[in-house]
Structure formats: C-alpha cells, structure tokens
Number of protein chains: 2
Amino acid sequence: MYSIGQLSKRTGVKVPTIRYYEDVGLVTAAGRTSGNQRRYGQPELEQLGFIKHARDLGFSIDAISSLIDLQSHPDRTCQDATDIARVQLADVRDKIRQLVALETELQRLADGCDGDGIAGECYVLAALGDHQLCDADHD
Amino acid sequence: MYSIGQLSKRTGVKVPTIRYYEDVGLVTAAGRTSGNQRRYGQPELEQLGFIKHARDLGFSIDAISSLIDLQSHPDRTCQDATDIARVQLADVRDKIRQLVALETELQRLADGCDGDGIAGECYVLAALGDHQLCDADHD
DNA sequence: ATAATTCCTCTAGTCGCTAGAGGTTCAAGA
DNA sequence: TCTTGAACCTCTAGCGACTAGAGGAATTAT
C-alpha cells in the first residue's frame, strides 16, 4: 500500500495534482485509512502512470478520460483509441508547423539588431509593429 | 474614429479581448462617446496591431508590457528588446524540440494499431500504459 | 419611429494545475 | 508510551489569457 506521497514519487505526479485528478473524476476515489488518509495499490499506480504518460504526450484530461473508458470496455473496438491518438498527432504537427514559422521570424528579429542601438530605432520593435516586415506565413 | 467592433475587425483581436487588455492595463483606456462607448484612433489601431503580432509570436502579456515600455522610452538601449526576443526564441526552440519527440512517439502509437483490433489488445492503450514501449526521449 | 445591431458592465467559467492556511494523522526514535 | 516532525487532510483562492452569458443602454439603418 502506498500513501499519496509515495505514489507521487513513484509516478512523478505531484501530490496536489493526484488529489485534483480525484476531484475531477479522472481517477476513482482512493481507499482511506481509519484516519482518513488515502492509500493506493498496484492498479492505481499503473493507472496514474498511464495518465502521466498521456499528459506528457499532450493528451487533454478529456481525451484521457475517453481512453480510460476504452480500457474498461475492452470489448469495444480499438478504433476510438487510434482516433484519439491520430487527432493528437495532427494537433502536434500543427503546433510544430506554427512554431517553426515563429522560430524563423524570431530568429530574424533577434538577428536584426545587435543590441547596440537605441530603442527608438530598434528593429525588434519596428518589426513587431509592422507585419509587412515579416514573412507573413504565421497567423 | 473606430468603434471597438471596427477595431476588432481591423486587427483581428476579439472585442472582449480588447476590453480585457484595457482591464489589465496593456492598452491605455480608450476615449468614450457621450453614450460611454469606446472610440479609437490610428495610434490605438497600430498599438493593438503590435500587440496582436507579438501575441501571435507567443510573447506573454508581461513581455509585451515590457516592449511597450521600451517604445515609450526610446532613449533606452535596444538591448532589452533584443533580450526579450532571444528568450522567446529559445523558448520556441525548446517547444519545437519537445513536440518533435512527441510527434515521433505519437506516430508510432497511431501506426501500431490498424484500428481493427479490440481495445483489450490495443497498442495505443498498451503503449500509454507502458513507457518501456516508447523511445523514452520525452519527459 | 422603430427595429436590429452593437455596445456597455458585471460575474463566472475555461484548463490544468499550484499555493497557502489551518488543522490532523502517522511513523520513528527516546 | 510519549514526543516530535513529517506527511497528510480540506478548503479557498490564484495563475494566464481569455471566453461566455446576462441584462440593459446606445447607436445605426430603414
């Protein structure tokens, strides 16, 4: 049996976060000692590991809920889980695409000025004020 | 003179967001008609464009505040503005690095299962439950 | 003049936590 | 057994950057 602190150390999920997950119903309420402290077993450890991994991959709490539902209905087809992963993948690719565009512009921004000038003629400020100066391939 | 709605259309910043920016002091409070409606001129349009552009680039409200301070003190050196941009650039690169790692794993996740199986033996669910199955180059 | 649209303020909600106050329980050493 | 100190408990409030909705007033177009 693990206390919430031990569970936290083993999974890397912070204590208040575990309690938060219980609050929002992502994990089922843990058993308690006579003194009202939470106690966890192996299954809870594994489930929290699953959640941690999914959160690290950027899945929303909602998406993770769906995945957990799937786990507890193993007779349902795998399609749903794959769909959730694909949506997530598309999302990540979109973010990458956007960030790379931003990287390019920020690079030009940071390079355009050697930092020696005065703010009145600063390229960074000018570029931010005038979208024309950038490649305009971001939003 | 523009109403808040016209300003919104021209800048692409939503009406409630403009009011929010005024609330938190990012833009100075607009002038009002006798009927208490906000009215804007060209300088406000340009400043909001600046803010929009900076937000699109991922600058925080705080960072933008600093940049605006710099604009209004054009005698200060450009160094500060460049620093802000560089920090932002480092941040973006870090995010890209992380996302690319995630992309790789999600790709494998989405590919591992053709969606025809049942959830009980779904690769997505298994992979999320067992970090061993992934390249472990993310968090 | 009237009707439709836009505007106003205000409060509360979103997401995924995080921080802090004030109090209780547990585990280990003396 | 007692004591100490760490870990636990609940509860409320806060973060960033908005977004939504209620209820009402002003503006604009017909």
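Trainee: How far is a phosphate oxygen of DNA strand C from an N or O atom in the side chain of A:Tyr21?

Mentor: First, the idea: a polar contact is a pair of N or O atoms within 3.5 Å. In this predicted model, local features need pLDDT of at least 70, and side-chain atom pairs count only at pLDDT 80 or more. Side-chain values use heavy atoms, without hydrogens and water. For A:Tyr21, the distance to the phosphate oxygen is 2.8 Å.

Trainee: Which atoms of B:Ser3 and B:Gly5 lie by a phosphate oxygen of DNA strand C?

Mentor: B:Ser3 uses a polar side-chain atom, at 2.7 Å. B:Gly5 uses a backbone N or O atom, at 2.6 Å.

Trainee: How many residues surround DNA strand C?

Mentor: A residue is near a strand if one of its heavy atoms lies within 4 Å of it. Here 18 residues surround DNA strand C, and A:Arg55 and B:Arg19 are among the closest.

Trainee: What is in contact with B:Ile51, beyond its neighbours within four places in sequence?

Mentor: Contact means heavy atoms within 4.5 Å. B:Ile51 is in contact with B:Tyr21, B:Leu26, B:Val27, B:Ile64 and B:Ile68.

Note on methods: Residues are numbered from 1 along each chain as its sequence is written. Chains are lettered from A and ligands numbered from 1 in the order in which they are written. A polar contact is a pair of N or O atoms within 3.5 Å; within protein, one must be able to donate a hydrogen and the other to accept it, and residues adjacent in sequence count only if both atoms are side-chain atoms.
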